[in-house]
Amino acid sequence: TCISGDIITGSFVHPVAMVVYPQIAWKVTGGDIVYMAESLAVHGGKCLDWAVSGGLVNAIEDLDQVASSVSSSNGISFTGIGKSNKISESFAGASDSPEPALLVRAIMEAHIFKSKRVIDNLSDFYGAPTKIIADGGGSKSDFILTNAAKLAQIDFLRSRCVEGSLMGAFFMAGIGIGWWKSLEDIPVQLEFESFSHDNKDLTDLSKSFVRWSSSNNEYLL
């Protein structure tokens with residue numbers, strides 16, 4: 001699984017760049033193709049699953065509580081899933097026997113930092129967004145959305161339906177088989193939960209982002 005950021009560009013096809021590339025957002029029969037620009041960071045959700053399989057937490061639902069049980073990652077950065085279970089292969093700045101909660105927080109922070117890179121990549125071309133709609137498995141985490149909003153200084157909105165891509169595909173299929181004639185005919189009312197950005201503990205989070213970035217110079221992680 002991955003972390004992706006998308007912005008609708010309409011009829012404009014974004015030029016292929018190293019970190020941002022064009023995609024087809026949708027096309028309704030008889031209508032024009034609507035394009036989007038996308039930026040991507042790999043191994044997002046996979047790293048959260050790895051925290052469970054590696055025994056750091058018992059279940060994915062425990063990640064928020066464990067990560068919040070410590071005030072910081074204490075200088076530890078998650079650098080990616082190593083070939084073995086050795087801490088030195090997956091974490092920078094960790095001792096030989098670190099507290100598991102510190103490792104969990106470092107993993108969660110890495111997810112946030114990857115999201116920040118994706119946002120920055122798109123912002124370089126289209127300007128900083130005024131808000132971000134989050135969906136997918138990672139968006140279930142209050143810890144991730146609260147701190148992502150803080151680091152990016154942008155409000156995040158979480159849809160009540162976190163599987164937005166699947167829902168969109170369902171709507172397109174419904175139009176294709178004639179259930180609805182157009183997007184405007186789809187009887188849907190989206191509800192969102194807001195995560196407003198603030199400056200509390202922003203300095204510490206920003207320092208962790210800089211430290212993580214120095215350990216992760218590659219974009220695709």
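Modeller: Ala, Val, Leu, Ile, Met, Phe, Trp, Tyr, Cys and Pro count as nonpolar, Asp, Glu, Lys and Arg as charged, and the others, Gly among them, as polar. The model is predicted, with local features needing pLDDT of at least 70 and side-chain atom pairs 80 or more, while totals for chains, interfaces and linings use all residues. Residues are numbered from 1 along each chain as its sequence is written, and side-chain values use heavy atoms, without hydrogens and water.

Colleague: How many residues lining the second largest pocket are charged?

Modeller: The lining includes Arg105, Glu109, Lys150, Asp201 and Asp204, beside residues such as Phe143 and Asn147. A pocket is an open set of 1 Å grid points where a 1.4 Å probe fits, with protein on both sides within 12 Å along at least five of seven lines; lining residues have an atom within 4 Å of a point. Two of the lining residues are nonpolar, four are polar, and the number charged is five.

Colleague: Are H5 and H7 roughly parallel or roughly perpendicular?

Modeller: Their axes, lines fitted to C-alpha atoms over the stretch in contact, come within 10 Å and cross at roughly 85 degrees. Angles of 65 to 115 degrees count as roughly perpendicular. H5 and H7 are therefore roughly perpendicular.

Colleague: Which residues of H7 make the contact with H5?

Modeller: Contact means heavy atoms within 4.5 Å. By class, the contact has four nonpolar, two polar and one charged residues. H5 supplies Asn147, Lys150 and Leu151, and H7 supplies Leu202, Leu205, Ser206 and Phe209.

Colleague: Which strands stand at the edges of the open sheet?

Modeller: The order is E6-E7-E8, with mixed pairing; strands pair if DSSP finds at least two bridges between them. Each edge strand has a single partner, so one side is left without a neighbour in the sheet; the edges are E6 (131-134) and E8 (192-195).

How values were computed. Axes are lines fitted to C-alpha atoms, for helices over the stretch in contact, and angles run from 0 to 180 degrees between N-to-C directions. Helices (H or I, at least four residues) and strands (E, at least two) are DSSP runs, numbered from the N terminus. Angles under 35 degrees count as roughly parallel, over 145 as roughly antiparallel, 65 to 115 as roughly perpendicular and the rest as oblique.
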